[in-house]
Structures are given as C-alpha cells and as structure tokens.
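Try each task before you read its solution.

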Amino acid sequence: MAFDGTWKIERSENYEKFMEALGVGMMKRKLGAHDNLKITIQQNGDKFSVKEASNFRNIDIEFTLGVSFDYSLADGTETSGVWNLEGNKLVGTFTRKDNGKVLKATREVVGDELVQTYVYEGVESKRFFKRA
C-alpha cells in the first residue's frame, strides 16, 4: 500500500535519451520531457488502479499483478505486459507489439519519493515523483 496516493513529477534522469531509444521524434521528446505528469495509484490487494494525467493525455489503467494486459505509451506505441510485486518494487515487463522489443519498468518508494525506472534497448531512465 506504500504506492497509494497521488504523485507529481519532480525530475527526470536520461528521459529524452530513453524516448529517443523508443523511437519518439524530437518534438515529442522535447514536449514529453516537460509533461507535468501526475500519477494516482490505488492498491486493493493484488489489484491496482492507476490514473495518469499529463499535459498530453489522461488515462485510467487497471491491472492485476501477474495478469497480462495491453497498454499504450504516451506516443501511441502499443505494448502488452504484466506488473509483478518483487519485495517492495513493482516490476513490469512490456513487449512492443510493433517490433517485439521489451521495455522493463520498475516503481518503488524510496524515502518520500516514487522512483520509476525504465530500461529499453540498454538505455535506462529514472523519473522521480513527490506526493502531491
């Protein structure tokens, strides 16, 4: 339940390079770096409800740990994947539908921050959120 709450983006590390590795164009990368993302997470047992609100889109996602689901990235890239809980970390593995390449993601609460880490094609990015 440590994930529960509303989290607002504070800073990012290597996010533009990560988006470039995904194939996101320069204009979308520049805009994406300043997306003003806010994430609201509610956990009920192994079920999660996540609301993502940014300058570009608002989306509601519901998933159950260990159960595959479809998800569209902000740039429209379609993926299919699964979140699992490993210790205190949410660990996601998502496969792109267009090229079969894998995107790894983790979410963990470290101190008073939610840290989201992405890895795609060897490029790692971190995004840091504070409770809103």
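**Exercise 1: one side of a helix**

The buried residues of helix α1 (residues 15–22) are Y15, F18, M19 and L22. Work out how these four sit around the axis of α1, and what covers them.

*Solution.* Some ground rules come first. This is a predicted model, where local features need pLDDT of at least 70 and side-chain atom pairs count only at pLDDT 80 or more, while totals for chains, interfaces and linings use all residues. Residues are numbered from 1 along each chain as its sequence is written, and side-chain values use heavy atoms, with hydrogens and water left out.

Step 1: Helices (H or I, at least four residues) and strands (E, at least two) are DSSP runs, numbered from the N terminus. Buried means under 20% relative accessible area, exposed over 50%, and partly exposed in between (1.4 Å probe, protein chains only).

Step 2: check the arc, taken from the directions that run from the helix axis to the C-beta atoms. Y15, F18, M19 and L22 cover an arc of only 95 degrees, so they're on the same side of α1. An α-helix has 3.6 residues a turn, so residues three or four places apart point the same way.

Step 3: list the cover, using contact (heavy atoms within 4.5 Å). It includes β1 (5–13), α2 (26–32), β7, β8 (102–110), β9 (113–120) and β10 (123–131).

Step 4: look just past the helix. α1 is followed by G23, whose phi is positive, near 100 degrees.

**Exercise 2: the largest pocket**

Which residues lie nearest the centre of the largest pocket, and where does Y71 sit?

*Solution.* Step 1: on a 1 Å grid over the protein atoms alone, a pocket is an open set of points where a 1.4 Å probe fits, with protein on both sides within 12 Å along at least five of seven lines; lining residues have an atom within 4 Å of a point. Grid points are joined across faces, edges and corners, and the volume is the space filled by probe spheres set on the points. That gives about 680 Å³.

Step 1: of the 32 lining residues, Y15, R57, Y71, L73 and A74 lie nearest the centre. α1 gives the most to the lining, with four residues.

Step 2: Y71 lies in strand β5 and is buried, at 15% relative accessible area. Leaving aside neighbours within four places in sequence, Y71 is in contact with E52, R57, I61, T77, E78 and T79.
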